[in-house]
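Let's take a walk through this structure together. Have a look at it first, and then we'll go through the details.

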Amino acid sequence: MKKYTISFLINLLLLLVFCPSIAANDTFTLGVIADCQYAEQANKGTRHYTSCPQKLSTAVGQFNALPLSGVLHLGDFIDREFKSFTPLNTISSSLNTPLYHVLGNHEFSVDDKFKMRITNTLNMPSRYYSFEINNWLFIALDGNDVSTYAWPKNSNKHQQNMTLFNSKYKGHEDWNGAIGIKQLKWLEEKLKVAQVKEQPVVLLSHFPIFPENNHNLWNAQEVLTLISQYPAVKAWFNGHNHVGNYAKKDGIHFVTFHAMLDTDTTAFSTLEFSPTQLKINGQGRQPSMVLPIK
């Protein structure tokens with residue numbers, strides 16, 4: 001009997017060694033920050049601009065003490081001025097894990113001559129993109145695609161956007177934006193493939209789309225209708241609304257993360273992924289949450 005037990009254990013060990021999909025841990029953890037929003041300016045009300053670099057540095061130190069698979073920043077790394085990126089990039093460059101940025105509206109509170117340099121400055125592959133971690137698909141969207149501010153004023157894109165704004169989105173908050181037709185088609189193709197592969201999806205955006213709020217994308221309902229057709233979508237993570245928010249619809253968790261800017265302590269989190277749940281471990285102003293998934 002002992003002989004067969006030893007043989008079984010040896011075979012099991014060999015199976016685990018040569019079949020990584022079986023041996024691999026199906027859980028992983030990410031760091032999450034929203035709206036660091038630094039600029040060299042005096043604090044105003046709840047907006048603690050001057051402490052942003054220190055808060056970011058503290059978060060980076062805590063992230064580096066953990067076995068993370070990456071860190072997400074959900075937009076508005078700066079508040080204004082292109083030079084504001086420099087101290088934050090210096091701090092975040094010490095991360096020992098990849099940093100994935102999403103573009104916020106304040107990324108474009110810079111002179112027109114810098115607006116086409118933002119993605120390179122943040123080491124982003126493009127304004128919207130995707131990446132995979134442990135078979136999860138993360139899709140980073142650009143909610144500034146159609147906007148009044150995110151493209152140089154002498155560009156064709158800006159002129160097209162202003163025409164669209166005046167004809168379709170007049171009256172909407174001009175510090176929000178929309179996802180354009182080309183990007184929506186790209187998103188739909190990504191979701192179709194993920195659905196066939198039974199690959200869970202998390203959508204990353206600076207702007208919320210649900211529940212109803214004056215911070216939402218101009219075409220929030222259009223985007224919501226699209227993503228709700230795909231059960232592969234498990235969550236939508238965003239910043240922008242500094243006080244945070246949460247709702248669930250059609251099996252999708254919509255989480256607005258609290259802004260790091262609006263506190264004299266901090267706001268960031270770690271996010272544990274498993275096959276059955278997403279667990280947000282909040283620090284400072286960011287609350288903790290457990291989000292069951294199917």
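The sulfur of C52 sits 4.7 Å from the closest cysteine sulfur, the one in C36, and that is too far for a bond. A disulfide here is a pair of cysteine sulfur atoms within 2.5 Å, and the structure holds zero of them. C52 is buried, with a relative accessible area of 0%, and C36 is buried too, also at 0%. (Buried means under 20% relative accessible area, worked out with a 1.4 Å probe on protein chains only.)

A quick word on what you're looking at: this is a predicted model, where local features need pLDDT of at least 70, side-chain atom pairs count only at pLDDT 80 or more, and totals for chains, interfaces and linings use all residues. Residues are numbered from 1 along each chain as its sequence is written, and side-chain values use heavy atoms, with hydrogens and water left out.

Now for the helices, which are DSSP runs of H or I with at least four residues, numbered from the N terminus. Two packed helices are described by the angle between their axes and the distance between the axes. Helix α3 covers residues 52–64 and helix α4 covers residues 85–92; they pack at about 15°, with axes 9 Å apart. The axes are lines fitted to C-alpha atoms over the stretch in contact, and angles run from 0 to 180 degrees between N-to-C directions. α3 and α4 are therefore roughly parallel, a label for angles under 35 degrees.

Who touches whom? On α3 the contact (heavy atoms within 4.5 Å) is made by P53, L56, S57 and V60, and on α4 by L88, I91 and S92.

How values were computed
Helix = DSSP H or I, 4+ residues; strand = E, 2+ residues; numbered from the N terminus. Parallel < 35°, antiparallel > 145°, perpendicular 65-115°, else oblique. Buried < 20%, exposed > 50% of the residue type's maximum accessible area, 1.4 Å probe, protein only.
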